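User: I am new to this structure. Please take me through a few of its local features.

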Protein chains: 4
Amino acid sequence: MAKLYFKYGAMGSSKSAQALITKYNYEENGMSVWLIKPSADTRDGADILRSRIGLWAKAEIIRPDTDIFQRFSQSCAGNCHVIIVDECQFMSPEHIDQLRKIVNEYEVPVLCFGLRTDFQTKLFPGSMRLMELADVIEEIKTMCDCGAKATINARIDSDGYIVTQGAQVVLGGNDSYIAMCHKCYINGIEEHKKIKLHGQK
Amino acid sequence: MAKLYFKYGAMGSSKSAQALITKYNYEENGMSVWLIKPSADTRDGADILRSRIGLWAKAEIIRPDTDIFQRFSQSCAGNCHVIIVDECQFMSPEHIDQLRKIVNEYEVPVLCFGLRTDFQTKLFPGSMRLMELADVIEEIKTMCDCGAKATINARIDSDGYIVTQGAQVVLGGNDSYIAMCHKCYINGIEEHKKIKLHGQK
Amino acid sequence: MAKLYFKYGAMGSSKSAQALITKYNYEENGMSVWLIKPSADTRDGADILRSRIGLWAKAEIIRPDTDIFQRFSQSCAGNCHVIIVDECQFMSPEHIDQLRKIVNEYEVPVLCFGLRTDFQTKLFPGSMRLMELADVIEEIKTMCDCGAKATINARIDSDGYIVTQGAQVVLGGNDSYIAMCHKCYINGIEEHKKIKLHGQK
Amino acid sequence: MAKLYFKYGAMGSSKSAQALITKYNYEENGMSVWLIKPSADTRDGADILRSRIGLWAKAEIIRPDTDIFQRFSQSCAGNCHVIIVDECQFMSPEHIDQLRKIVNEYEVPVLCFGLRTDFQTKLFPGSMRLMELADVIEEIKTMCDCGAKATINARIDSDGYIVTQGAQVVLGGNDSYIAMCHKCYINGIEEHKKIKLHGQK
């Protein structure tokens, strides 16, 4: 019985590295993987999925109006054993419904890697639909500087302060993101603390 | 480090039994438990939390306008070691924020048991906020008749057919609910199948 | 694909209650459960499985020389959908191999509930074979008095001190058992501390 | 509260890649990692830990007579935030006890990556002690060719048949290892099937 997986993690939890290792493992076992990512994520050029540790692979870009079920039925069904999705938080709810339909009708497992929530602790559209429909919800863990588990993706402005207002996605901005636990996040806002970054954006 | 837990499960997955056993275990270890449930759930009378297997306990009812953080600070802080919430899907997002604040400021763990999604596969308000803020998201599993894991809470009308339209919560209606896997749920709708119930409502 | 599960927990983690709730859930879904326990456990009379919270059910006793695979093939195959084992730590390695064979050949899931280790932190015979062969290893959690997760089953003599020498299983003795974290267990031994019990034995 | 982790997986489940990514994540957060492996594993030269996907790092070799607790106390305590162990199945039970002592006394988390069982489905010495003492036991999953989860590490001779007799560890031999589910493993033995390898050894 194939399943729909949501493997969520905060910023810097090595989600893309996990996606790429999973792809490697399937392929090493002689299976064929369809690696996709939404067009909203243009961090690494048109079609490269890259992790900070140095791994990378070519991915197919899914545009907002692409019907993934149709695309899969026409081009991949029969010669694709598993679908891996990176940055799945930027998929639309309809995309997730289409992936769900592939799992049901083709018995192909779909593994979605992505963020849970935005800088205001709200689910992204793709994450929300996955939280509703996934058969398996699994956390990829990372840590807050305080040692607790990080669950929040804080947006940090160029002066080092936590941002609490603004658009969910800002392309080409100067803000950084950092994973924090909820307690440090709230303290950081209430006490207007300067947050130490570690280089990642 | 205390944590906020969301232990979600479909209809009939024994969530209330799990809540009551957890309460029993804490109390057996000499700890004090505050058991609460939202007023929207009036299934078992004003303030009794009851599981089908026969376990029960008195719970405090939380009304929509109750500030749980304030209520806890004034009455329970200092002599309560853990909070257990049943039917947490009916808590408001504000309630979940208040529970989150108790975890952060009092270092008291909060364990929330409830449904993930409604009969249209949409998150309930309380479930959505928990999916955003919980430190630990854990599934209480149950099975579809086909043997696969059940993830959907289907609403079944008095003739035995899956309902796809209507209000999220219907009090005093004649509909039943049953846990199904997504595939059987979709098949049941598309083929207008009569669904076999097992007695639970 | 049926699976062999090892659901282990320390003393007082409500393993028997979990076994009984699981049985209830399967039966509520119209499935037939074979509930068994090894004869080494005579805590509750010949054939009753009882949990401290008040749940109970009749179980079939498996003696050391019973071949569970043969017993299942002759009497249960065809009208049994799942096997639930309580106190599985007292099963022999051969018993676990027989259960594994049932999973493989009859596609019937087997859920084993029991202790991980004895009072000297050594695996029990049944637990060891399950740690080797189980498809899913899952912890039923409980807490040490210090708030950390309990992983050790300490044997406490009638004066309240931790026992470190003796037979793995003592029937009819005056010792009690309590779940502790490893740190408190080691401290308790090294500092010869008197351990507070909570009533369970 | 620091913890002792056992992250076990079958052959080819990318355990070393996971160990290296975990190391990378800690270091990216400004923390210092002590990476160690037992001398029994000489697969990649004296002191390099290498994963098939291309990641690698220098590791310190732990010899059978090294006291890891003493070594840590003298050289690393105070400037090491986490210990990562690869090929932990080859550690001795005493090594695991020493790691457990570091967790308890220094509050430093220890993450052990390794195999669960040998080619005869028996726990390795290090794996057994970890199954007894770990605070968290987590599986790194991989798949059998049949699509089920692989849990067995089958030893395959140069003709492609499953080996069932011999020493637990053979250095410099011509045998290969492959991860299989228990059912395919047993079928492979009973039907003397030729097993298809995928290149890994």
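User: Is Glu107(C) buried, partly exposed or exposed?

Analyst: This is a predicted model: local features need pLDDT of at least 70, side-chain atom pairs count only at pLDDT 80 or more, and totals for chains, interfaces and linings use all residues. Residues are numbered from 1 along each chain as its sequence is written, chains are lettered from A and ligands numbered from 1 in the order written, and side-chain values use heavy atoms, without hydrogens or water. Buried means under 20% relative accessible area, exposed over 50%, and partly exposed in between (1.4 Å probe, protein chains only). Glu107(C) has a relative accessible area of 34%, so Glu107(C) is partly exposed.

User: Where does Glu107(C) lie, and what is its phi?

Analyst: Glu107(C) sits in the loop between helix H3 (93-106) and strand E7 (110-114) of chain C. Helices (H or I, at least four residues) and strands (E, at least two) are DSSP runs, numbered from the N terminus. Glu107(C) is not glycine, yet its phi is positive, near 55°.

User: Is Glu87(A) buried or exposed?

Analyst: Glu87(A) is placed in the loop between strand E6 (82-85) and H3 of chain A. Its phi is positive too, near 55°. The relative accessible area of Glu87(A) is 12%, so Glu87(A) is buried.

User: How many residues of H1(B) are buried?

Analyst: Helix H1 of chain B covers residues 15-28. Among its buried residues are Leu20(B), Ile21(B) and Tyr26(B). Lys15(B) and Lys23(B) are buried as well. H1(B) is mostly covered, and the buried count is 12 of its 14 residues.

User: What span should H1(B) have at 1.5 Å a residue?

Analyst: The expected span is 1.5 Å times one less than the number of residues. H1(B) has 14 residues, and its end C-alpha atoms are 20 Å apart.
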